[in-house]
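Biologist: I'm new to this one and would like a quick tour. Can we take a look together?

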Amino acid sequence: MKKIAVFLSVLMIISIIAPIKASAITFTPSFKVESEAAYLINLDKDVVVYEKNSIKKMYPASLTKIMTAIIVLDHVKDLDNTYYEAPLAVFDDLYGKGASAVGYSRGEVASATDLMYSMLIYSACESAGILAYHVGGESIPNFVDMMNQKAQELGCTGTHFTNPHGLYDDDQYTNARDMAVITKYALDNYPKFKEFALTTEYVMKATNYQAEGWATIYHTNKMLFPANDYYYQYAKGIKTGTLDESGRNLITMASKDGNNYLLVTMGAPMYDKDGNAIYPHYTDHKNIYEWAFNTFEYKSIISTDEEITEIPVKFGKEQDYVILVPDKEYSALWPNTLDMSTLKIDIDTSGFLDKNGKITAPVQKGQKLGTYTLSLSGEKLCSVDLVARDNISLNETAYNIEKAKAFIGSFWFKLAAAIAISLVIFYIIIYLITAKKRRRKIKRVRKKRKF
């Protein structure tokens, strides 16, 4: 029963996770992406459109707090009515590390809702620590174990956590692809996460130390505010993460004209050659989104109505050929600037035809008779089965005549004929010998009678 329970739990987890489908081909923009790593997903089709160093080891910084939020949402069902007291252990952990903070103090009691808002939009490290301490059973290490277990369940192969807030640790690492998986999972499965992460401004509620509205916090993503030079009207949320060791990390969503994308960038430079602070991650996000919105459209690449080729049919009653069509349609996000004629076409009917390149009737509509593969620049785009468009029945008269001809010319017919002729000759010889003996016997009888 224990094994069955574990098995069912795994199945439930797998059924919840919406995997990101890697596109057969990803495309690269013409401009330079300053971030060290990037991963762009079209959320409408669940496909990867662009990636750069997507599995390279990177440091997540405060992107870590997305996984912290997931674990909290897994274990706390009523955030508004759940209150936690800030323990000394949290502040001891953060002391002297320059951690970002919203201003909670030891012994202060706040709702899980306010802790989540301050953690996700203001990137408050003490809020992450307070949540982790209590949800982990008054044990931050226990909470971190839960984070790593969840990462494994989600299929993250290059991620390991050592803390819930994202401050630097050489053993806390991830990559752009894994962070996209984690973030997409959070967006797809927790409405509350989406509510928190996409909020741009929030007024903090009263605590036992602070009066109602003691602080108004704003999202750390500068792209969300019209007054900022980096404002991008289509951007939403989600999380920033910055450390000297990690560079500038950013995860956002963007929506325009019914198209929705999720973008992860990691490792953008923090300073120029003169030591001045720079923010190329914002420029990367705007440029990549504009490129995606202006370049890609969902296009039909293969249609089931398309006549791909035809093959000869032997003994066909209605016609002596059958037209092959794809058995299913294939559509993809496709650059509107790319000429479809540049696709390489490969039609393979080997294994279905005889040595003369024909198929023998009858042929059933929908019968598989080959494969159809499209490639671009040596990369396989898609492959579908080719099937018969029509039924072709057998011409029995032609079939029987051919079979008769084939039998007459066959080795076995020739052998049978040779045996038959041999038997006839043998019979004739025996007959002649027997007849000759009979005549001799008659002559002897006649001679005896004369005497």
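**Pocket, sheet and helix**

Biologist: What volume does the largest pocket have?

Modeller: This is a predicted model: local features need pLDDT of at least 70, side-chain atom pairs count only at pLDDT 80 or more, and totals for chains, interfaces and linings use all residues. Residues are numbered from 1 along each chain as its sequence is written, and side-chain values use heavy atoms, leaving out hydrogens and water. A pocket is an open set of points on a 1 Å grid over the protein atoms alone, where a 1.4 Å probe fits, with protein on both sides within 12 Å along at least five of seven lines; points join across faces, edges and corners, and probe spheres set on them fill the volume. For the largest pocket, that's about 380 Å³.

Biologist: Which element gives the most to its lining?

Modeller: The lining (residues with an atom within 4 Å of a point) has 21 residues, with Ser100, Ser123, Thr240, Gly241 and Thr242 nearest the centre. S7 and H9 each bring at least two; strands (E, at least two residues) and helices (H or I, at least four) are DSSP runs numbered from the N terminus. With four residues, the top contributor is S7.

Biologist: Which strands are at the edges of the sheet?

Modeller: The open sheet's five strands run S2-S1-S9-S8-S7, paired antiparallel; pairing takes at least two DSSP bridges. Two strands pair on one side only: S2 (47–52) and S7 (235–243).
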